[in-house]
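User: Can you walk me through this structure? I'm new to reading these.
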Amino acid sequence: RNSPIATAIVWGVCSDAEFPQEKPQFPGASAEFVERLEFIQPNVLSGIPVYRVMDRQGQILQQSEDPQLPKELVLKLYKTMTLLNTMDRILYESQRQGRISFYMTNYGEEGTHVGSAAALDDNDLVFGQYREAGVLMYRGYPLELFMAQCYGNSRDPGKGRQMPVHYGCSQRHFVTISSPLATQIPQAVGAAYAIKRADANRAVICYFGEGAASEGDAHAGFNFAATLECPILFFCRNNGYAISTPTAEQYRGDGIAARGPGYGLLSIRVDGNDVFAVYKATREARRRAVAENRPVLIEAMTYRIGHHSTSDDSSAYRSVDEVDYWDKRDHPISRLRHFLLRKGWWDEEQEKGWRKSSRKMVLESFTAAERLPKPSPHLLFTDVYRELPLHLRRQQGALLQHLRRYRQHYPMELFESGGEPPMEEAEETQVQP
Ligand SMILES: Cc1ncc(C[n+]2csc(CCOP(=O)(O)OP(=O)(O)O)c2C)c(N)n1
Ligand SMILES: [Mg+2]
């Protein structure tokens, strides 16, 4: 008599007394009934404010919001932001000169990288998109390895198998970049779920652009993180463009932060060009993510000053004046410099000295990277399987034979050991194709 079928047969016979408060009983939402036909306006969540700590002149607006970071730490933020900017200039130029195949600059977004990186614990796990080199730099990744990756030389931990800017470093808990957009989002959530199960007192941070937030993977990631209550920070860099598509053509809601409540995520929008605002928001988000096992969405508003990549010419879709505004008047580096100058922690002399010495450091590592040989082509096949399967051993052998037979057509002298496999492996590759 109590089965659903029995209930269905007697529909309509319940008395009002059984539902005294007239509350909806649907399991999918907790809400009230209304008797007026009304659609929810999409702008219900419109104009989410932008949290900031400093104004554009580097002045702290509310003393209570000052993170009061020690001088050494603020100088580290500044030096990382400026070093990143210098590295970008040199590597961008080197691509223009045909010395590396590709590059993506971080111009204008330095505050989002460094402010968030400084707010994390050293062993928090980072999933990046591709425009977050400053996070890795803040964690102490040496210039030499940035260069080695971009040059794909014998010191590149990825052994020259990836395009430039696809950095990765397990010791620094920075998962290797892969450029299919948003694939890192569900992966990061899975990692955060594992961390939660291990009760590891760690957080995951997952960076992505506002463009990537339109991918289905972003939805899957947000929803899994919310329902599984994972300690993850979704850090969206809203830099105004997804290559040539401006935000006005990407979405009709109020940016990415407005989506947070829809997934049940704690959400905030910050001024990404204010390194202290980014620091404060990320620090508090990290604390809550770990203490309460809850995902947090941070939308950092910024601007991509550079072209999307060296394959792009942004003058085709935006004005020089627009770029100039951000470059000259609303830049995260000059804002922090204003702060430092006001504090008396930095002066023109130090600025000049640092510009010179940091440029020298970058140029030295760049020259050294260029001199090193390329990894052996033999390595193209390794590191996926513990034991190389037969079909790959055959291909490896065929490549080796080909290179030996036609070596006059290839710049073999540029490769490690002239392109030959290491001695102990030479025999293994003698499988007949
Ligand atoms: C799945 C997928 N689709 C398309 C691309 C090509 N693509 C590379 S970057 C990019 C724009 C991404 O914009 P956004 O997420 O805002 O990051 P930003 O470059 O602005 O930092 C596109 C469409 C890709 N890499 N992967
Ligand atoms: Mg973007």
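Analyst: One definition to start: Ala, Val, Leu, Ile, Met, Phe, Trp, Tyr, Cys and Pro count as nonpolar, Asp, Glu, Lys and Arg as charged, and the others, Gly among them, as polar. This is a predicted model, where local features need pLDDT of at least 70 and side-chain atom pairs count only at pLDDT 80 or more, while totals for chains, interfaces and linings use all residues. Residues are numbered from 1 along each chain as its sequence is written, and side-chain values use heavy atoms, without hydrogens and water.

User: Which classes make up the lining of the largest cavity?
Analyst: The lining has five nonpolar residues, two polar and no charged. Among the lining residues are P377, H378 and F381. A lining residue has an atom within 4 Å of a cavity point, and a cavity is a set of points on a 1 Å grid over the protein atoms alone where a 1.4 Å probe fits but cannot get out.

User: Switching topic, what coordinates the magnesium ion (ligand 2)?
Analyst: E210 (OE), N239 (OD1) and Y241 (O) do, at 2.1 to 2.3 Å. Donors are N, O and S atoms within 2.8 Å of the metal (3.2 Å for Na, K and Ca), and water is not among the atoms, so sites may look incomplete.

User: How are those donor residues spaced in sequence?
Analyst: The spacing is E-x28-N-x1-Y.

User: And ligand 1, which residues come nearest?
Analyst: Y130, R131, A212, N239 and Y241, out of 17 residues around ligand 1; around means a heavy atom within 4 Å.

User: What does the side chain of N239 do there?
Analyst: An N or O atom in that side chain is 2.8 Å from an oxygen atom of ligand 1. A backbone N or O atom of A212 also lies 2.8 Å from an oxygen atom of ligand 1.

Technical notes. Chains are lettered from A and ligands numbered from 1 in the order in which they are written. On a 1 Å grid over the protein atoms alone, a cavity is a set of points where a 1.4 Å probe fits but cannot get out, and a pocket is an open set with protein on both sides within 12 Å along at least five of seven lines; lining residues have an atom within 4 Å of a point. A polar contact is a pair of N or O atoms within 3.5 Å; within protein, one must be able to donate a hydrogen and the other to accept it, and residues adjacent in sequence count only if both atoms are side-chain atoms.
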